Amino acid sequence: KCSQVERVMLGDGCKLTDKGLQLIIRKCPNITHLQTQFCTSISNQSLVEFVSKSTNLQHLDITGCSQISCINISTTDGSRKLLVQYIDLTDCASLDDMGLRLIVKNCPLLIYFYLRRCVMLTDSSLKYISKFCIALKELSASDCLNVTDFGLYELAKLGQTLRYLSVAKCKVSDVGLKYLARRCYKLRYVNCRGCEGVSDESIIVLAR
């Protein structure tokens with residue numbers, strides 16, 4: 001019966017470990033959605049094994065899994081790619097720029113990407129995102145305190161594809177926001193809460 005299971009959703013307070021994650025992939029080979037929020041015992045190794053074997057995986061939410069710093073499934077010829085369209089890494093405090101690069105280079109179909117409070121990320125991460133995730137529509141880098149206008153310059157390469165962006169409490173200003181608005185002209189949502197460098201000047205450009 002488990003072989004027919006496609007979605008496993010485990011919320012805050014669940015004490016899933018590597019052993020449980022390995023059991024899921026053995027018993028649920030057709031899984032498309034995995035949510036393991038705040039499962040702090042899950043390691044990089046077990047998650048890599050999981051995504052490598054879950055060939056139908058489309059939705060991955062590992063919010064608050066504090067041990068996770070990368071998901072590296074690269075092969076020598078670069079042929080193995082994920083079908084994942086949605087990834088939420090909110091509160092994955094161990095994730096850094098190089099770890100994020102390993103993730104996005106294997107996710108060419110990624111559309112929704114959430115990195116809230118991944119405090120080690122910098123503008124380099126946004127550069128990798130725009131390079132490897134050309135289909136991206138939604139991105140949240142809220143409370144990534146090292147993201148600046150240079151990161152927005154990189155995101156602007158996504159052009160009309162980008163529709164939703166949150167850079168709340170990032171170090172962005174009118175300069176970066178205006179540059180982004182002119183190139184990502186199909187934006188429908190922008191969150192720049194707590195960005196003290198943002199004024200009427202960039203909001204006028206966004207409105208236009």
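**Briefing: helix packing and the parallel sheet**

The buried residues of helix 3 pack against strand 4 (86–88), strand 5 (112–114) and helix 4 (123–132), where contact means heavy atoms within 4.5 Å. This is a predicted model, in which local features need pLDDT of at least 70, side-chain atom pairs count only at pLDDT 80 or more, and totals for chains, interfaces and linings use all residues. Residues are numbered from 1 along each chain as its sequence is written, and side-chain values use heavy atoms, with hydrogens and water left out. Helices (H or I, at least four residues) and strands (E, at least two) are DSSP runs, numbered from the N terminus.

**Helix 3**
- Asp97, Gly99, Leu100, Ile103 and Val104 are buried in helix 3, which spans residues 97–104; buried means under 20% relative accessible area with a 1.4 Å probe, protein chains only.
- Viewed down the axis of helix 3, these buried residues fall within an arc of 160°, so they line one face of the helix. The arc is that of the directions from the helix axis to the C-beta atoms.

- The open sheet has 8 strands in the order 1-2-3-4-5-6-7-8, with parallel pairing; two strands pair if DSSP finds at least two bridges between them.
- Its edge strands, strand 1 (7–10) and strand 8 (189–191), each pair on one side only.
- On average, neighbouring strands of this sheet are turned by 5° against each other, direction ignored. Axes are lines fitted to C-alpha atoms, for helices over the stretch in contact, and angles run from 0 to 180 degrees between N-to-C directions.

**Strand partners**
- Strand 1 and strand 2 run parallel and are joined by 4 bridges, with arginine 7 opposite histidine 33 in strand 2.
- Strand 2 also pairs with strand 3 (residues 59–61) in the parallel sense, over 3 bridges, and histidine 33 stands opposite histidine 59.
- Both faces of strand 2 (residues 33–36) are covered, with His33 and Gln35 buried on one side and Leu34 and Thr36 buried on the other.
- Strand 5 pairs in the parallel sense with strand 6 (residues 138–140) over 3 bridges; here tyrosine 112 stands opposite glutamate 138.

**Helices 1 and 2**
- The axes of helix 1 (residues 18–27) and helix 2 (residues 44–53) come within 9 Å and cross at roughly 10°.
- That makes helix 1 roughly parallel to helix 2, a term for angles under 35 degrees.
- Asp18, Leu21, Gln22, Ile24 and Ile25 of helix 1 meet Ser46, Leu47, Glu49, Phe50 and Lys53 of helix 2.

Definitions and conventions. Buried means under 20% relative accessible area, exposed over 50%, partly exposed in between (1.4 Å probe, protein chains only). Angles under 35 degrees count as roughly parallel, over 145 as roughly antiparallel, 65 to 115 as roughly perpendicular and the rest as oblique.
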